[in-house]
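Hello,

Here is the structure I promised to pass on. Please open it first, then read my notes below.

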Amino acid sequence: MKTTGVVRKIDQLGRIVIPKEIRKNLGMKDGDGVEFLIEEDTIILRKADASNQFQKLAESLVNGIYDVTKKYLIVTDLNRVISCSDKISSQYLDKKLLNSYVSLVKKRENYVTTQISALDIVSEEEEKKYYSMSPLVVNGDLLGSVILYSPESEINELDKFILKFILYFLEKNIEE
């Protein structure tokens, strides 16, 4: 950790101003969250990272969805798979997304297959499957995607509803 040499006073309401240069270097803008960490007598301010919150929420969902639907759930940010069902974690978890998949997500469109087909997420040689994929958009910002898939059974109306609910749940909990 490096010191900036900048000292700020706390105002009557307990506020401090983060210098413009620091905000600029961290890519912070009005409305961004700041996380407070306390270590002994030191207060550390850190730009709040929505993807950390996103990952924690996703981890709490993925295995429950498999238990209920017998379909796999994969949650990505825009770079890698951040969470997936335990049974497929060795194949997907923390793997870098293919550029072709990221381009698909950036179109901000939902995709549902009616027949078994390829969806190359982290490898160009993935098994063919039935799937439904939706981008995750929070406050207009594209954060990643959610994929529900099965190598054996089609995506039905209940599965589509569950995926829609997952997106709604993630969006509402991340924006707060």
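Predicted model: local features only at pLDDT ≥ 70, side-chain atom pairs only at ≥ 80, totals over all residues.

Residues are numbered from 1 along each chain as its sequence is written, and side-chain values use heavy atoms, with hydrogens and water left out.

**Overall form.** The protein has 5 helices and 7 strands (DSSP runs, H or I of at least four residues and E of at least two, numbered from the N terminus). Its radius of gyration is 20 Å, well over the 16 Å from the globule rule for 176 residues, so the protein is more spread out than a compact globule. That radius is taken over C-alpha atoms; the rule is 2.2 Å times the number of residues to the power 0.38.

**Cores.** The largest nonpolar core holds 21 residues, including Ile74, Tyr101 and Ile121. Such a core is a set of buried Ala, Val, Leu, Ile, Met, Phe, Trp, Tyr and Cys residues joined through side-chain atoms within 4.5 Å. Buried means under 20% relative accessible area (1.4 Å probe, protein chains only). Helix H4 gives the largest share, 4 residues. A second, separate core has 18 residues, among them Val62 and Leu167.

**Hairpin.** Strands S1 and S2 form a hairpin with 2 residues between them. They run antiparallel, joined by 6 bridges (pairing needs at least two DSSP bridges). Phe36 stands opposite Leu45 in S2. Of the 6 residues of S1, 0 are buried, so S1 lies largely in the open.

Best wishes

Methods: Buried < 20%, exposed > 50% of the residue type's maximum accessible area, 1.4 Å probe, protein only.
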